[in-house]
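Thanks for coming, everyone. Please look at the structure on the screen, and I will walk you through it.

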Amino acid sequence: MEMNRGLQKLDELKTRARLGGGKDKQDKLRQEGKLTAWERIKSLVDRDTFLELNTLAEMMPTEFGPSPKPVPGDGVVTGFGKVGGRQVAIFAHDRTVMGGSLGNVQAAKITAVLQKAGEMGIPVIGLQDSVGARIQEGNKNVGFDAIFRAITRSSGIIPQISAIFGTCAGGVAYASGLMDFVLMVRKKSHLFI
C-alpha cells in the first residue's frame, strides 16, 4: 500500500514537471506558434524512446529578490532518445519556466547530459529557447562555464547540434557558437550576446 502511494506521488510530480511554468504559459507559447520543450522532444525522437534524467531537480534559492516557486525540472528537460534509430543525447530549455533562464541546477543537468554523450560517443542536440543566465542567483550562478567546458571537451569527438527556437541571449549564444551546427527557425529565432 505504501509503495503504491509513493508511485502515485512520483507520477504526480512528473506530471507537474511536464507542465513547466503552467498551462497558461504553455498556451501562450502555443499562441505564438511555438512548441513546449516536451512537444519539441516528442516531435524529434522516435516514439517511446526518450528517457528523461533528473526530472525532479529544482532550482536553487535566489541571492536577491524573491525566490520563485520551485518547479520540478528547473526549466530544462534532459535525457536520451533515438532519432532514426540512432541514440542521441538531448536537452531542451522550457521557456515557460523563468524564460528558460539558466541557473546552477539547470546547468548541472545540461552538463551531465553533455558529458555522458561524450563518454558514450553519441551526438548531442540542444533545443535552445532561453533568455540566458538566471541573474537572480547572483554570484552563485556559475553554470555556463561548466557547459562551455563540456562542449569544448567533446569538440571533434561527437557531433553537437544547437537548434534555436526563440530569442536566445548571452551564454546560450556562446554555447551554440561552440557547437558544430547551429540551426535557426526563420522569423522566430534570434541569437545574440
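Let's start with a network of salt bridges that links Lys23, Asp27, Arg30 and Glu39. A salt bridge here is a side-chain nitrogen of Lys or Arg within 4 Å of a carboxyl oxygen of Asp or Glu. By this rule there are eight salt bridges.

A word on the source. This is a predicted model, where local features need pLDDT of at least 70 and side-chain atom pairs count only at pLDDT 80 or more, while totals for chains, interfaces and linings use all residues. Residues are numbered from 1 along each chain as its sequence is written, and side-chain values use heavy atoms, leaving out hydrogens and water.

Asp27 and Lys23 meet at 3.2 Å, N to O. They are four residues apart in helix α2 (residues 23-31), so about one helical turn separates them. Helices are DSSP runs of H or I with at least four residues, strands are runs of E with at least two, and both are numbered from the N terminus. Lys23 is exposed at 53% relative accessibility. Asp27 is partly exposed at 27%. The cut-offs are under 20% relative accessible area for buried, over 50% for exposed, and partly exposed in between, with a 1.4 Å probe and protein chains only.

Next pair. How far apart are the closest N and O atoms of Arg40 and Asp129? They are 3.3 Å apart, in a salt bridge. Arg40 lies in helix α3 and Asp129 in the loop between β4 (124-128) and α5 (143-154), so this pair ties together parts 89 residues apart in sequence. Both residues are buried.

In helix α4, Glu119 and Lys116 sit three residues apart, about one turn of the helix. Their side chains also form a salt bridge, at 3.3 Å, N to O. Glu119 is exposed, at 60% relative accessible area. Lys116 is partly exposed, at 38%.

Now two backbone points. Asp48 has a positive phi of about 60°, although it is not a glycine. Asp48 is in the loop between α3 and β1, and is exposed at 75% relative accessibility. Met98, also not a glycine, has a positive phi near 50°. Met98 lies in the loop between β3 (86-93) and α4 (104-120), partly exposed at 24%.

Last, back to a loop. Leu56 is found between β1 (51-53) and β2 (76-83). Leu56 counts as partly exposed, at 33% relative accessibility.
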